[in-house]
Amino acid sequence: MNPVLSTLRRGLLVSALAATPMLAQAVTQAGATNDVLASHIDHSVDPGVDFFSYANGAWLKAHPIPASESQWGIGQEVQNELYADLRKISEAAAKAHAPAGSDQQKIGDFWSTAMNQGLADKLGLAPLQDELARIDAAHDLASVLDAGFALQPLGVDVLFSAGVYQDEKASDRMAVHLSQGGLGLPDQSYYFNKEAGVAKVRQAYVQHLQKLFQLQGVSAADADARATKVMAFETALAGVSRPLEALRDPQKNYNLLTPAEMTRKYTPAIDWQVRLAAWKLAPDQLNVGQPDFFAGLQKLLASTPVPVLQDYLRLHLVDAYSSFLGQRFDDEHFDFYGKVLTGQQQQRPRWKRVLRAENQTLGMILGRIYVKDYFPAASKARYNAMVEAIRTAYAARIRKLDWMSPETKAKAEAKLAAITKKVGYPDHWKDYSSLQIGRESYAQNVMAGRRWEFADMVSKFGKPVDRSEWDMTPQTYNAYYNPSNNEIVLPAAQFMIPGFKDDQLDDAVVYGYAAASTIGHEMTHGFDDEGRQFDAQGNLKDWWTAQDASRFQARAQVMVNQFNAYQPLPGLHINGQASLGENIADFGGILLGLDAFKQTAEYKAGKPVAGLMPLQRFFLGYALGWLSQEREGLLRQGLLSDVHAPAKWRVNGPMSNIPDFYKAFNVKPGQPMWRPAAQRVKIW
Ligand SMILES: [Zn+2]
């Protein structure tokens, strides 16, 4: 995905779409009230001490993380129901003998081939044999690069990352982007961070690489030596990679070079004109995110023995496809990426893992089937109207700001008015007719899907920008702001609350859950520390007066300091700079949702529902969006590699700056959720 997009949550839990009885049933069985908010409250916690645990605690205690999961919460509940329905569709398609090339044939063949564990075991590494042979045959740097460039279209992350998406400074132009990449661990900090848990992960990663060698027939002693060398190569690559927070500066990550310049100045070993031509790309210019990374890569390529580079490519290829190969590879991949990294104790059942892959390969095909049943026109109308209510609230807030000049305000309002919205599902569905899915092997089908995605991406180069495209499927439990289109994209699944139909939810819940935590959040991304640098047309172009910009930065710094102070794991703080955009978006989202909620009849009537006042329900509705708990490994991974703070702090962090929240829950000075007025964040 285009790294410039600001998503609502990290992309680990991908898909969900259902309106189902899961949460409500759990509540009824426990004998508690049937109210979606009241039933989740843990009354043993004071909301002024820890609002997240107060709001969600009862539910979280009643729903421990299953052994087969690394996190559990509202997203997984909706995902579970989606999977149950997807399974029925897939099983029916597998039996249907639908015409070749039809959507049903693709779904059916993907499903039945993937479910055939015996076939995968029998095939072993055979589905990868062409690529492995190319790597084996390499004998010099040029042929190693041949193999490396052939892996990119298969979705194997080696050496660097490449993508075709809009030019940050000319949003009507598709551009070829090159950026840092090629690491097997989730972030460059994993290679250096001294925290004990990270050190253990590093050690386990080398063991994992050893085992991957052994699974390919290499002796234990040899595997040990070769794994150590690959780790040294990756560590050096990590050493020339920018840290997470540095990737969020769009100016510093924007560098235009001709392919010839790029070769001459940074990577003499890579003739970009020739290499890109092999991908059917002939750009005049390259958008290079991190030239310093490529300079470092050049040095590494020149100094690393060819056999080590071959091993590096080989391991990344096998790791990228292990989940679709036989049991031994699948298990080894899970042992590291599941158990060690995220703390998950056992694999999910095969059918769920297959559906995850199916959803990644055929996502829009499945989405088209789904939205018919799960996102009625009334829902689309409700959330379209809610976007406009949030926009109105935002405009009013901008006009009232005491720190921004009239000049910048006028431009901010113009940008706000220009934000486009995509709600529910795409107006036009992508044509997948050229994607071929068969019954030869699971891995080959995944490979075909990835090749298709890559070809589709490459084909956009040189054509007019299609601003109607979606970067997420409608069944994704997530949302995003795309600065290049100045648009918010809100997939249907994001609005679902398991156990409740949309028309059963009172406005307080919906304004907290959807208007604040999602719509307001995404809209605020247009004006966070990164998004504010893009103009109404989606171009990276400064429209702020110098004084307004420095005032914004001073206010944002308060937020940075607040989050830097949080320490979710001993020795690991939240990265306040890396998570700044998300934290501003959460904070702004709550304020905008609140302003809009105050216009509703429910707020004005001021009557309690299930014993909760409207304002209380609004804040609890926001916390419902972050109803989730995770294992230590996944928490660590998020802290090091994700721009989103962990769920608990996405609730407690912004809330601790909001006077209406204090009022709603009688938060008193001196309590952890209370901050003196002078220490509160005040931006939007
Ligand atoms: Zn976000």
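Lys 409 lies in helix α18, which covers residues 406–418; helices here are DSSP runs of H or I of at least four residues, strands are runs of E of at least two, and both are numbered from the N terminus. The model is a predicted one, in which local features need pLDDT of at least 70 and side-chain atom pairs count only at pLDDT 80 or more, while totals for chains, interfaces and linings use all residues. Residues are numbered from 1 along each chain as its sequence is written, and side-chain values use heavy atoms, with hydrogens and water left out.

Lys 409 is buried, a term for under 20% relative accessible area, with exposed meaning over 50% and partly exposed in between (1.4 Å probe, protein chains only). Lys 409 has no salt bridge, defined as a side-chain nitrogen of Lys or Arg within 4 Å of a carboxyl oxygen of Asp or Glu. The nearest side chain of opposite charge belongs to Asp 402, 7.6 Å away. Apart from neighbours within four places in sequence, the residues in contact with Lys 409 are Ile 398, Arg 399, Lys 400, Leu 401 and Met 404, where contact means heavy atoms within 4.5 Å.

His 97 is in the loop between α3 (74–95) and α4 (103–115) and is exposed, its relative accessible area being 72%. Leu 159 is placed in the loop between α7 (141–151) and β3 (160–167). With a relative accessible area of 3%, Leu 159 is buried.

In the protein as a whole there are 27 helices and ten strands. The C-alpha trace spans about 75 × 60 × 50 Å along its principal axes. Of the 684 residues, 61% count as buried. Among contacts between residues at least 6 apart in sequence, 76% join residues at least 24 apart.

The accessible surface comes to about 25,600 Å², and 53% of this belongs to carbon and sulfur atoms; areas come from the Shrake-Rupley method with a 1.4 Å probe. The mean positions of the 71 positive and 72 negative charges are 3 Å apart. Lys and Arg count as positive and Asp and Glu as negative, with His and the chain ends not counted; each charge is placed at NZ of Lys, CZ of Arg, CG of Asp or CD of Glu.
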